[in-house]
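Colleague: I am new to this structure and would like to go through it by question and answer. Please show it first.

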Amino acid sequence: MNVFITKNIPEAGIALLKEKGINLTINPTEHVLSREEFIKICQENDALLNVGSSNLDEDFFEQCPNLKGIALFSVGFDSVNIESANKRKIPVGNTPDVLSRATSDTAFLLMQSAARKSFYHHKRIINGEWGTFDAMANLGQELYGKTLGIFGLGRIGFEMAQKCKAAFGMNIIYHNRSHNENAEKELDAEFVDFETLLSQSDVLSVHANYTSENNELFNKDAFAKMKPNSIFINTARGKFHNEDDLYHALTNNIIWGAGLDVTNPEPMKQDNPLLELPNCCVLPHIGSATYEARNGMAICAAHNIIALFENKKMPFCVNEEVYI
């Protein structure tokens, strides 16, 4: 079987694939393929191990009729038109669980950074603005006993809630498509509707899988319903929030602060005004950027490809209906 890997991945995954005698074509990371180049190479391969945000839409599937499976180097699968894959009985695999801790760590970091305006204070030192002591200037807020609201309480959201409860004794509320009974039992998490999530959260952290139905769900109307001391955290997908509306909320004291590991659009431009705000902390999508998480992702992706090679069900398949 011939497999195209769009960018280099950790050797832990490559070694597994080579052990099975799978033929690999790895695109060097310094060369960004055009859409035409990308499709041409995929046409010449049996499977794709996709690293990054390639748009695998209906047009892509039409032009790559020989493709037998896709392994994503991510837990999110919003870059794939699943309906198009299902129509062609093409399994799509992702990398769940292995990045939950790393991504929740990033959300936890951004929450504290926003609460204490740490990115801003670091810039003050660089700019030579560390002056005399001022008891009232640029104060942060403490998080002890406050309410954490989770939008999308799955694996990553659970890890985030667990950290916040252990470190700060935070109360947990959440909004999901369905109840998370384990979170309710282990963390005393309370299921609430979306309006209540907005109005009661001191920290609102997004951890859901993105769908077009949730496009820019966190907009001017949503921010207006949040507490003036609230902190908005997004480590899921940038398209969950409207950045113009977020800027308005942050500069008009509608919400306290924000922490973003994902942006809309992504990557964020260097002159984005959010980068200049003292109450906004932005990271360049590093949620899974640890040795442990990336090695785990490589292994998961490799196992999905190997299952395809051996005519077995992908162990981390997001569209299991293709096997029916």
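Colleague: Is F168 buried or exposed?

Modeller: This is a predicted model, and the values are computed from it. Residues under 20% relative accessible area count as buried. F168 has 12% relative accessibility, so F168 counts as buried.

Colleague: And Y144, buried or exposed?

Modeller: The cut-off for exposed is over 50%. Y144 has 54% relative accessibility, so Y144 counts as exposed.

Colleague: What kind of aromatic pair do Y144 and F168 form?

Modeller: Y144 lies in the loop between α6 (118–126) and β6, while F168 belongs to helix α7, 24 residues apart. Their centres are 5.1 Å apart, with 75° between the planes. Planes over 60 degrees apart count as edge-to-face. The pair of Y144 and F168 is therefore, by that cut-off, edge-to-face.

Colleague: What kind of aromatic pair do F218 and F232 form?

Modeller: F218 sits in the loop between β9 and α10, and F232 in strand β10, 14 residues apart. F218 is buried, with a relative accessible area of 0%, and F232 is also buried at 0%. The ring centres are 5.2 Å apart and the planes make 45°.

Colleague: Which residues have the most contacts inside the largest nonpolar core?

Modeller: That core has 28 residues. Elements supplying at least two residues each include α9 (194–200), α11 (243–251) and β11 (257–260). The residues with the most contacts inside the core are F151, F218, F232 and L246.

Colleague: In what order do the seven strands of the open sheet run?

Modeller: The pairing is parallel. The edge strands, β8 (190–191) and β12, each pair on one side only. The order is β8-β7-β6-β9-β10-β11-β12.

Colleague: Which strands does helix α7 touch?

Modeller: Helix α7 covers residues 155–168 and packs on the sheet. The direction of α7 makes about 175° with that of β6. The strands touched by α7 are β6 (147–151), β7 (171–175) and β9.

Colleague: Which residue's backbone nitrogen lies 3.3 Å from a polar atom of the side chain of N180?

Modeller: N180 is in the loop between β7 and α8 (181–187). N180 has 16% relative accessibility and counts as buried. Leaving aside neighbours within four places in sequence, N180 is in contact with L153 and Y174. The backbone nitrogen at 3.3 Å from the N180 side chain belongs to N182.

Notes
Residues are numbered from 1 along each chain as its sequence is written. This is a predicted model: local features need pLDDT of at least 70, side-chain atom pairs count only at pLDDT 80 or more; totals for chains, interfaces and linings use all residues. Side-chain values use heavy atoms; hydrogens and water are left out. A nonpolar core is a set of buried Ala, Val, Leu, Ile, Met, Phe, Trp, Tyr and Cys residues joined through side-chain atoms within 4.5 Å. Buried means under 20% relative accessible area, exposed over 50%, partly exposed in between (1.4 Å probe, protein chains only). Helices (H or I, at least four residues) and strands (E, at least two) are DSSP runs, numbered from the N terminus. Two strands pair if DSSP finds at least two bridges between them. Contact means heavy atoms within 4.5 Å. Axes are lines fitted to C-alpha atoms, for helices over the stretch in contact, and angles run from 0 to 180 degrees between N-to-C directions. A polar contact is a pair of N or O atoms within 3.5 Å; within protein, one must be able to donate a hydrogen and the other to accept it, and residues adjacent in sequence count only if both atoms are side-chain atoms. Rings of Phe, Tyr and Trp (its six-membered ring) pair if their centres lie within 6.5 Å; planes under 30 degrees apart count as stacked, over 60 as edge-to-face and the rest as tilted.
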